[in-house]
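Subject: Structure handover

Hello,

I am passing on the structure you asked to see. Please look it over first, then read the notes below.

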Amino acid sequence: MSSGIETPVAAVPVQKRLYTYDELVAELPETNQPCELWEGELIMSPAPSFYHQKMALRFYKALDAWVTAQRSGEVIASPIDMVLSPHRTVQPDVAFIAKERLAIIQDVIRGPADLVAEVVSLGGRNRDRIEKRDLYEQHGIKEYWIIDPEPETVDLLSLVNSRYELVTRGGPGQAVASRLLPGFEISVDYLFHGP
């Protein structure tokens with residue numbers, strides 16, 4: 001016998017689809033929109049700002065010119081997938097792979113690059129300074145450059161005994177020199193303001 005009062009039904013949480021990188025590639029079309037996999041969850045972001053891209057490309061051009069002259073490996077700029085595990089894929093702004101490790105370059109980068117640079121996006125400070133820092137440290141990326149437009153600083157982190165240590169924090173009027181690639185250095189002013 002009905003009392004005429006409806007019993008509320010408990011809401012069932014919607015389960016997010018979790019992907020492996022290979023499932024993602026098989027199911028979704030190729031795109032230039034930034035997308036990454038974090039523990040299988042697809043994270044999509046708006047395209048970076050014009051100034052973000054200018055800074056990333058200045059770093060890319062300087063590093064690529066140096067690496068090409070030294071014949072020490074390959075440099076690539078985003079968007080490119082770097083597959084760190086079946087459920088963890090990121091798109092670093094710039095990545096360098098040493099010539100002795102070029103086999104990880106296939107359809108995408110399948111494994112950790114040797115050097116990665118990220119330009120901190122508006123609202124992305126936690127992601128670049130903490131989450132990606134921890135991820136890159138965990139996967140053994142030897143050098144991580146954090147280019148931060150708000151304070152106009154460049155942090156150079158180097159992997160020492162499986163942990164990142166801050167080698168340099170460069171500011172206006174300074175240059176930052178790589179520990180991984182002796183002889184490569186870049187002006188902080190150039191990164192933020194160009195020639």
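Predicted model: local features only at pLDDT ≥ 70, side-chain atom pairs only at ≥ 80, totals over all residues.

A pocket, as the word is used here, is an open set of grid points with protein on both sides within 12 Å along at least five of seven lines.

Two elements, helix 1 (21-27) and strand 1, each give at least two residues to the lining. By class, the lining of the second largest pocket holds 11 nonpolar, 4 polar and 4 charged residues.

The largest pocket

The largest pocket contains about 710 Å³ of space. Its lining has 31 residues, and Pro 46, Pro 48, His 52, Val 119 and Ser 121 are the ones nearest the centre. Strand 1 (35-38), helix 2 (50-70), strand 8 (115-119) and helix 3 (125-138) are the elements that supply two or more residues to this lining. Of these, helix 3 gives the most, with 4 residues. The lining of the largest pocket divides into 12 nonpolar, 10 polar and 9 charged residues.

The sheet and its helices

The model has an open sheet of 6 strands with mixed pairing, in the order 3-6-8-9-10-11. Strand 3 (73-77) and strand 11 (163-170) are at the edges and have a single partner strand each, so one side of each has no neighbour in the sheet. On average, neighbouring strands of this sheet are turned by 15° against each other, direction ignored.

At one end of that order, strand 11 pairs with strand 10 (residues 153-160) in the antiparallel sense, over 7 bridges. Within this stretch, Val 160 is opposite Arg 163 of strand 11.

Two helices lie across strands of the sheet. Helix 2 lies across strand 3, strand 6 (94-98), strand 8 and strand 9 (143-148), and runs at about 170° to strand 3. Helix 3 lies across strand 8, strand 9, strand 10 and strand 11, and its angle to strand 9 is about 175°.

Backbone details in the loops

Ser 78 and Pro 79 are joined by a cis peptide bond, with omega about 10°. Pro 79 belongs to the loop between strand 3 and strand 4 (82-85).

Glu 39 is not a glycine, yet has a positive phi of about 55°. The residue sits in the loop between strand 1 and strand 2 (41-44). Is Glu 39 buried or exposed? The relative accessible area of Glu 39 is 54%, and exposed means over 50%, so Glu 39 counts as exposed.

Arg 71 also has a positive phi, near 50°, and is a residue other than glycine. Its place is the loop between helix 2 and strand 3. With a relative accessible area of 71%, Arg 71 is exposed too.

Regards

Notes:
Residues numbered from 1 in each chain as written. Heavy atoms only, no water. 1 Å grid on protein atoms, 1.4 Å probe; cavity = no way out; pocket = protein on both sides within 12 Å on 5 of 7 lines; lining within 4 Å. Points joined across faces, edges and corners; volume = space filled by probe spheres on them. Nonpolar A, V, L, I, M, F, W, Y, C, P; charged D, E, K, R; others polar. Pairing = 2+ DSSP bridges. Axes fitted to C-alpha atoms, helices over the stretch in contact; angles between N-to-C directions. Contact = heavy atoms within 4.5 Å. Buried < 20%, exposed > 50% of the residue type's maximum accessible area, 1.4 Å probe, protein only.
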